[in-house]
Amino acid sequence: MKNIKVLGSGCKNCETTANLIRIAAEQAGAEIELEKITDMAEIMGYGVMSTPGVVVDGKVVHAGGLPGPDLVRQWIAE
Amino acid sequence: MFEILANMLIYQGMGLDPLSPTGAALHFFVMDLAKIFALLVIVIYLMGLLRALLSPERVRRFVRGRPDWQARGFAVSLGAVTPFCSCSSVPLFIGFVEAGIPLGVTFSFLIASPMINEVAAVILVGILGWKLAALYVTAGLLVAWFGGLVMQAFRPERWVEDYVWKIHMGEADLPAPDRSFAGRHRYAVAEVKGIVGRIWKWVVLGIGVGALFHGFVPEQWVGEYLGGDAWYSVPAAVVLGIPLYSNATGVIPVAEAMLTKGVAVGTTLALMMSVAALSLPEMLILRKVIKWQALALFAAVLAVAFTLVGWGFNFLA
């Protein structure tokens, strides 16, 4: 099962990103483990300064701004 | 073009007298609303197409390890061209500290970033003309440069929260941005939606305040109290701007109304800077990384700097 983390200290875009991922996973019928990381030290530990950031299976795939829907589907399908 | 639209709608459509306060105010509102939003969408879209490059991670890599004056030069100019949402100022601050970038340089960046951005600069040119735009940008760059230097002199390191020093930042190889035209277009559209969605309220509010000022404040009163002869009008404008907050673009219509009514240039610039750069929400966010002593100092340094800028321009004018 894929582990997806959304990095962000609770800003609105971070919530939206998490929702986008959850919905995309439901639509694709894929089981994912979705985590929200709000601890600043942990977020910075990934080398991300612009939130929301997205980490798929330990690898940073996105930082800053809302991700496009194609991109989100790609993370889940890979 | 926008003038014709506003003329048709307000004077001919609604039959209001151009000389009545309501007519003048509504005309101002419609014209600025159309003009500013058209400019916003166009400028942000074009910037989005060209850019897709300048993330805070890149700024950090750019500034770190350089001699002080170079680092400050980059921090000020990159702060001016990157419109960061204030919600990223905490990770930004920590990231800069962790990279060993001097705090004074970080403060320079934090001053320049909300005060100047390319979108506001283009709209300034469109609404107030290039001369005032150049004045505002130059004054902003100077305040950011020297404001950071002054902060440094007070050794602000002692006021940084302990946990900040302990954070170790990883090096992620961030995914390369999609550089095809479709990718740039998608990024630009998302930028327009994101930025306009975030700032439209400030802009509408600013246009509303500008329109009321334009329509209802008598010129005589302005000439008496805000014409630039009274020394206290500049510090009063700065103090007034501290609790008020708006985005840099939102204060432009207010400045426009003030200038056409004869408020002195320095007084107007001081209010603009104070409203855009000194804000309570931003301070509260920064409180997560620095103690209140540093925040108070930060506010005081900026207030003094804006006052000096205002006096300077009033004197020169």
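Biologist: How many residues does the contact take from chain B and from chain A?
Modeller: The contact takes 22 residues from chain B and 21 residues from chain A. Two residues are in contact if their C-beta atoms, placed from the backbone, lie within 7 Å.

Biologist: Which elements give two or more residues to the side of chain B that touches chain A?
Modeller: Those are α3 (56-63), α5 (89-98) and α10 (181-216) of chain B. Helices (H or I, at least four residues) and strands (E, at least two) are DSSP runs, numbered from the N terminus.

Biologist: And which one gives the most to that side of chain B?
Modeller: α5(B) does, with five residues.

Biologist: What does the side of chain B that touches chain A have by class?
Modeller: That side has twelve nonpolar, six polar and four charged residues. Ala, Val, Leu, Ile, Met, Phe, Trp, Tyr, Cys and Pro count as nonpolar, Asp, Glu, Lys and Arg as charged, and the others, Gly among them, as polar.

Biologist: Before I go on, what kind of model is this?
Modeller: This is a predicted model: local features need pLDDT of at least 70, side-chain atom pairs count only at pLDDT 80 or more, and totals for chains, interfaces and linings use all residues. Residues are numbered from 1 along each chain as its sequence is written, while chains are lettered from A and ligands numbered from 1 in the order in which they are written.

Biologist: Over to chain A. How many helices and strands are there?
Modeller: Chain A has three helices and four strands. From the N terminus on, they run β-α-β-α-β-β-α.

Biologist: What order does the sheet have?
Modeller: The order is β2-β1-β3-β4 (chain A), in an open sheet of four strands with mixed pairing. Two strands pair if DSSP finds at least two bridges between them. β2 (32-37) and β4 (59-63) of chain A are the edge strands, and each pairs on one side only.

Biologist: In what sense do β1(A) and β2(A) pair?
Modeller: Strand β1 (residues 2-7) of chain A pairs with β2(A) in the parallel sense, over six bridges. A:K5 stands opposite A:E35 in β2(A). A:I4 has A:L34 as its bridge partner in β2(A). From β1(A) the chain crosses through helix α1 (residues 12-28) of chain A to β2(A), and this β-α-β crossover is right-handed. That term applies if, with the strands pointing away from the viewer, the path from the first strand over the helix to the second runs clockwise.

Biologist: And β3(A) with β4(A), parallel or antiparallel?
Modeller: Those two pair in the antiparallel sense over four bridges. A:G53 stands opposite A:A63 in β4(A). The hairpin of β3(A) and β4(A) has two residues between the strands, and A:D57 there takes a positive phi near 45°.

Biologist: What about the phi of B:R155?
Modeller: B:R155 has a positive phi of about 50°, although it is not a glycine. B:R155 lies in the loop between α8 (130-153) and α9 (162-166) of chain B. B:R155 is exposed, with 10 other C-beta atoms within 10 Å.

Biologist: How many helices and strands does chain B have?
Modeller: Chain B has 16 helices and zero strands. Its radius of gyration is 21 Å, close to the 20 Å that the globule rule gives for 317 residues, so chain B is as compact as a globular protein of that length. The radius is taken over C-alpha atoms, and the globule rule is 2.2 Å times the number of residues to the power 0.38.

Biologist: What does the C-alpha trace of chain B span along its principal axes?
Modeller: The trace spans about 65 × 50 × 30 Å. Of the 317 residues of chain B, 44% count as buried.

Key: Buried ≥ 20, exposed ≤ 12 C-beta atoms within 10 Å, placed from the backbone.
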